[in-house]
Amino acid sequence: MTQQNCKHYRATAKVSVHRGIDGGPRMANVKIRCADCGEPFEFLGVETEGPTDRPSVDVKAQDLRVPIAVRNEVEPKTTKKKIQ
Ligand SMILES: [Zn+2]
């Protein structure tokens, strides 16, 4: 199936987790492609090449980068901000 006639109904996601560099947060990288033709999906409404303390995408918007932590690693001020 070619990308031109594909309806992109089925998608596959690839998630990888990267250890924080120089004390930075761990990051989850998410990529989604059409399962039939391989066309990459773009993430919408996310800042491009933003700071590592919040979700951002690469310049093509095809690689979502999200900081992650296990519960006891989350700083109190971050938790407080989420609640408010
Ligand atoms: Zn497709």
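Which residue takes a positive phi in the hairpin of β3 and β4? In this predicted model, where local features need pLDDT of at least 70, side-chain atom pairs count only at pLDDT 80 or more, and totals for chains, interfaces and linings use all residues, the residue is Ala61, with a phi near 60° in a hairpin that has six residues between the strands. Residues are numbered from 1 along each chain as its sequence is written.

The protein chain contains one helix and four strands, where helices (H or I, at least four residues) and strands (E, at least two) are DSSP runs numbered from the N terminus. Read along the sequence, these elements follow the pattern β-β-β-β-α. Of the 84 residues of the protein chain, 4% count as buried, a residue being buried if 20 or more other C-beta atoms lie within 10 Å of its own, exposed if 12 or fewer, and partly exposed in between, with C-beta atoms placed from the backbone. Among the contacts in the protein chain with a separation of 6 or more, 41% are accounted for by residues 24 or more positions apart, a contact being defined by C-beta atoms, placed from the backbone, that lie within 7 Å.

The four strands form an open sheet in the order β1-β2-β4-β3, with antiparallel pairing, and the edge strands are β1 and β3, each of which pairs on one side only. Two strands are taken to pair if DSSP finds at least two bridges between them. In general, strands of a sheet pair through backbone hydrogen bonds, either parallel or antiparallel. Strands β1 and β2 run antiparallel and are joined by eight bridges, with Ala13 standing opposite Ile32 in β2. Strand β2, which spans residues 26–34, pairs with β4 in the antiparallel sense over five bridges, and the bridge partner of Asn29 in β4 is Arg65. Strand β3 is joined to β4 by two bridges, again in an antiparallel arrangement, with Val57 opposite Leu64 in β4.

Most residues other than glycine have a negative phi, and most peptide bonds are trans. His8 counts as partly exposed because 13 C-beta neighbours lie inside 10 Å. Ala61 is placed in the loop between β3 (56–57) and β4 (64–68), and this residue is likewise partly exposed, because 16 other C-beta atoms lie within 10 Å.

A further loop position is that of Arg54, which lies between β2 and β3. Arg54 is exposed, because 12 other C-beta atoms lie within 10 Å. Although Arg54 and Val66 are 12 residues apart in sequence, the two are 6.3 Å apart in space, C-alpha to C-alpha.

Definitions and conventions: Contact = placed C-beta atoms within 7 Å.
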